[in-house]
Amino acid sequence: MKIIILSFAFLAFSLGINAQDYRRLHYKAIVADTHNDVLSSVTMRGLDIDNDLTGKSHSDLARFRKGGVDVQVFSIFCDERFGKDTAFKFANIEIDSLYAIAKRNSYRMSIVTNPTQLAEAVREKKLAAMMGVEGGHMIEDKLENLDSLYKRGVRYMTLTWNNSTSWASSAKDETKGNIPNGQKGLNDFGKQVVKRMNELGMLVDLSHVGEQTFWDAIHTSTKPILVSHSCAYNLCPVFRNLKDDQIRAVGKNEGVICINFYSGFVDSNYQKRITAFISRHKTEMDSLVSIKKPDYEINEFFTKKYPVEATALRPPLSMLIDHIDYIAKLIGTNHIGLGSDFDGIESAPLGLDDVSAFPLITKALLQRGYTKKQVRQILGGNFLRVFAANSK
Ligand SMILES: [Zn+2]
């Protein structure tokens with residue numbers, strides 16, 4: 001009898017009878033996204049997130065609100081073409097741009113650097129904006145630069161982006177067997193960087209780093225670590241997703257893995273579908289690239305011209321939830337968060353069109369059987385715990 005009642009309840013739920021419930025839960029919860037690239041991919045092109053950028057970007061301030069996003073970590077990023085005398089400078093220009101946005105929009109956002117300020121911004125219904133430096137090359141091998149970035153408000157640093165530094169090897173380079181200085185993992189200076197980050201209260205982010213760097217860093221750090229935008233390797237074996245032993249180590253370290261929404265990290269068949277799509281439309285693709293159309297215009301062109309094919313490229317949202325399930329089964333729900341990578345990716349699972357779509361994650365998690373408490377942890381509670389543990 002009990003079983004019959006339960007299955008009726010499940011049926012009623014899956015029919016969407018509790019639609020109001022998921023929205024209430026979502027907007028009451030603190031939703032934190034640990035990775036968004038809008039500063040480097042959109043703001044630096046001269047577009048202001050103060051304005052409605054629908055169709056041009058995944059993010060703007062109005063859509064963060066619509067999506068119930070309370071805490072957004074903005075990625076401070078430049079690629080490997082920036083190095084000595086340019087990377088640190090560029091990072092500071094991006095930081096300047098975020099401060100300028102916050103100043104213009106002080107009634108709806110504020111830059112926060114500790115858990116108390118964060119709680120205050122959330123209470124005032126403002127977007128709590130944080131900064132994470134994506135790539136250790138931006139400190140240009142100097143601890144003073146790390147200190148300076150901390151002083152300017154940066155609260156995490158991804159030890160490497162796809163490029164290795166002189167002190168840490170990246171996942172891309174370790175996988176290709178192409179380490180610039182020949183040494184895998186962290187060297188002595190790299191370990192000093194991690195220790196200094198612990199002292200400052202800057203989260204050590206292990207997305208993008210090579211496996212050896214991951215192990216060296218997690219063994220060096222005395223604080224819980226962050227993986228700001230990565231998925232599970234066993235479900236989608238790409239070079240920078242996390243293997244099971246790495247996932248278990250994050251659990252043991254009391255850290256948090258924030259799931260990346262990129263279709264190519266979620267679904268192992270995505271790349272094959274994209275390759276086939278590009279070869280079917282090669283002539284058009286080549287001509288758009290040759291006239292230097294920006295990515296979003298190329299995307300828009302193909303999405304409008306071939307809507308059925310474009311939709312078929314994207315995995316279902318359930319595949320993203322599968323990554324959460326997978327990690328939850330290995331280490332529980334205390335170590336999972338969200339790191340969308342919006343505005344750094346050209347494709348996300350169906351429905352996740354931009355930052356206004358976050359409520360769909362809450363809905364899908366409830367439908368998958370997670371409790372409200374677990375959903376609140378995944379939406380932001382776990383990241384806030386790790387942030388607080390590093391801020392002490
Ligand atoms: Zn990234």
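1. Asp-85 counts as exposed, because 8 C-beta neighbours lie inside 10 Å; a residue is exposed with 12 or fewer other C-beta atoms within 10 Å of its own, buried with 20 or more and partly exposed in between, the C-beta atoms being placed from the backbone. Asp-85 sits in the loop between β2 (71-76) and α5 (87-104), and its phi is near 70°, a positive value in a residue other than glycine. Helices (H or I, at least four residues) and strands (E, at least two) are DSSP runs, numbered from the N terminus.

2. The model is a predicted one: local features need pLDDT of at least 70 and side-chain atom pairs count only at pLDDT 80 or more, while totals for chains, interfaces and linings use all residues. Residues are numbered from 1 along each chain as its sequence is written.

3. Glu-254 also has a positive phi, near 65°. This residue lies in the loop between α11 (244-252) and β8 (256-259), and with 15 other C-beta atoms within 10 Å it is partly exposed.

4. Just after α14, Lys-292 takes a positive phi of about 60°.

5. The largest nonpolar core holds 101 residues, and those touching the most other members are Ala-91, Ala-129, Val-204, Ala-217 and Ile-257. Helix α19 (residues 372-391) gives the most to this core, with seven residues. Such a core is a set of buried Ala, Val, Leu, Ile, Met, Phe, Trp, Tyr and Cys residues joined through C-beta atoms within 7 Å.

6. Helix α17 (residues 317-331) packs against helix α18 (residues 359-367) at an angle of about 65°, with the axes 10 Å apart; axes are lines fitted to C-alpha atoms, for helices over the stretch in contact, and angles run from 0 to 180 degrees between N-to-C directions. The two helices are therefore roughly perpendicular to each other, a term covering 65 to 115 degrees. Leu-317, Ser-318 and Ile-321 of α17 meet Leu-360, Ala-364 and Leu-365 of α18, where contact requires C-beta atoms, placed from the backbone, within 7 Å.

7. The axes of α18 and α19 come within 10 Å and cross at roughly 145°. On the α18 side the contact is made by Thr-362, Leu-365 and Leu-366, and on the α19 side by Val-375, Ile-378 and Leu-379.

Notes. Parallel < 35°, antiparallel > 145°, perpendicular 65-115°, else oblique. Contact = placed C-beta atoms within 7 Å.
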